[in-house]
Amino acid sequence: MKKILFAASECVPFIKTGGLADVAGSLPKCFDKENYDVRVILPKYQCIPEKWKNQMQYLNHFYMDISWRSQYVGIFRIEYEGVTFYFIDNEYYFNGPKPYAGGKWDLEKFAFFSRAVLSALPVIGFQPDVVHCHDWQTGLIPVYLKDTFHGGDFYRNMKSVMTIHNLKFQGVWDVKTIQDYSGLSDYYFTPDKLKDYDNGNYLKGGIVYADAVTTVSETYAEEIKTPFYGEGLHGLMSARSNCLTGIVNGIDYDDYNPETDENLPYKYNVKNFRNNKKKNKTELQRELGLREDPNVMMIGIVSRLTDQKGFDLIECVMEQICSDAVQLVILGTGDAKYENMFRHYDWKYGDSVSANIYYSDALSHKIYGSADAFLMPSLFEPCGLSQLMSLRYGTLPIVRETGGLKDTVVPYNEYEGTGTGFSFVNYNAHEMLNTVRYAEHVYYDKKREWNKMIDRAMVVDFSWNTSARKYEKLYDGLLGW
């Protein structure tokens, strides 16, 4: 039995701000239970909903020295969907209304968490073969495994994996502060270790010291070796390329299932989508005050409204898109300029544009289950989950070929009759507009081809099971099985 510990700063269903939480919560339950004992450890935030805190069972506590301080470490646990979740308790660090406060405070908090994770293992009697760390918040764990914890028999053969979900966030501050928080000696603060120009860098430490590094799609693993996508670490990513693997994320096929989705008025599958998807569209048009027409092409957008997601491209050609025979349904929040842009077009073209500047899980499912196409023109996208959800619902993605979008959406080829969506290469508004208009042409003039594409999209398997098999192979390789 191979023992694996996931260390993460967030995890569904307990606490979520982004896609990392989906990975930490959904992936562990998909491993082969007979050969892998996968458990998860995360902070016991004050903002975790009471219903979960009430189910937590107290295990033990101890005091831990970190740098010049001695800190309380409590350990709680929950069994959920066949997986054991541990929670590190410390009210000083994990209070507050949100999991992240930003700035220096988070760096101190996650230095404490990283050391507490390793210190807690003998106390709970779990000796993992692999500690799988996620993002900069756990970047110090591989460093500590080669430092303070290396001498003891308990830790000697423990391997570490560092997964990068988004290289943009690295945990960077001045060396003196990070040295103080982490308790690491001068030895670690050189350019080939944790030093990043004049700063210390948690994620860099994790990448340098982990036994294997992964990221969340094959294309992103290649992209981050280049200056444009590498966020200042492209040299290091190239140097570690022999240990770097891209494994695309999945989605929970139980949560995202058009046949059983309780948010959809009309359930459907690959056999009956032709009728029921249209009925969902009419219901959504009625709910959002759009012109009711089951035959008009509806394009959905569910996203954070930021530059990274390509909204500057949409802004550039929004007027042209609105002049086409399409309806646009937008859901999300973000930069004020994009929120206001969509509100403006909703006001100007009320029959065909619906701007919903908030977030609602139920409405997101309705958009996936009603729209014909899904627009996602990201500047960069390590993996992306929205395009996987839209494929699952037969809502054809229109994406830019970057990161996980390139790996998961096969562009339509009218000559070979292949593809599951539409894509464009250059980060250019008019190239995007041409691709949107090409999709409109196929939708209106080649309906049979469009429906065949939906057939293909709905049977592609991007469930977590596929990802879990790849991680199992990675762990086996690390452990020499």
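Predicted model: local features only at pLDDT ≥ 70, side-chain atom pairs only at ≥ 80, totals over all residues.
Glu81 has a relative accessible area of 46%; because exposed begins over 50% and buried ends under 20%, Glu81 counts as partly exposed.

Tyr197 also has a positive phi, near 60 degrees, and is likewise a residue other than glycine. Its place is the loop between strand 9 (195-196) and strand 10 (199-201). With a relative accessibility of 68%, Tyr197 is classed as exposed. A further backbone feature is the cis peptide bond between Val12 and Pro13, where omega is about 5 degrees. Pro13 belongs to the loop between strand 1 (2-7) and helix 1 (19-26).

Six strands form an open sheet in the order 15-14-13-16-17-18, and their pairing is parallel. The edges are taken by strand 15 (353-356) and strand 18, each of which has a single partner strand, so one side of each has no neighbour in the sheet. From one strand to the next, the twist averages 15 degrees.

Within this sheet, strand 13 (residues 297-302) and strand 14 (residues 326-331) run parallel and are joined by six bridges. Met297 is set opposite Val326 of strand 14. Helix 12 (residues 336-348) packs on the sheet, where it touches strand 14 and strand 15, and its direction makes about 140 degrees with that of strand 15. Helix 10 (residues 273-288) lies across strand 13, strand 14 and strand 15, and runs at about 65 degrees to strand 13.

Strand 17 (residues 396-400) is largely enclosed by the rest of the structure, because five of its five residues are buried. Both of its faces are covered: the buried residues are Leu396, Ile398 and Arg400 on one side, and Pro397 and Val399 on the other.

On one pairing, strand 16 (residues 373-376) runs parallel to strand 17 and is joined to it by four bridges. Here Phe374 stands opposite Pro397.

Val399 has Ser423 of strand 18 as its bridge partner. The chain reaches strand 18 from strand 17 by way of helix 15 (residues 403-408), and this β-α-β crossover is right-handed.

## Nonpolar cores

The largest nonpolar core contains 92 residues, of which Phe31, Phe87, Ile88, Ile207 and Tyr475 touch the most other members. Helix 4 (residues 104-124) supplies the largest share of this core, 11 residues. Apart from this core lies another, of 71 residues, which includes Tyr268, Val326, Ile330 and Ile398.

What is Phe87 in contact with, leaving aside its neighbours within four places in sequence? Its contacts are Phe14, Leu42, Pro43, Lys44, Ile48, Met56, Gly74, Ile75, Phe76, Arg77 and Ile78.

Technical notes
Residues numbered from 1 in each chain as written. Heavy atoms only, no water. Buried < 20%, exposed > 50% of the residue type's maximum accessible area, 1.4 Å probe, protein only. Helix = DSSP H or I, 4+ residues; strand = E, 2+ residues; numbered from the N terminus. Pairing = 2+ DSSP bridges. Right-handed = clockwise from strand over helix to strand, strands pointing away. Core = buried A, V, L, I, M, F, W, Y, C linked by side-chain atoms within 4.5 Å. Contact = heavy atoms within 4.5 Å. Axes fitted to C-alpha atoms, helices over the stretch in contact; angles between N-to-C directions.
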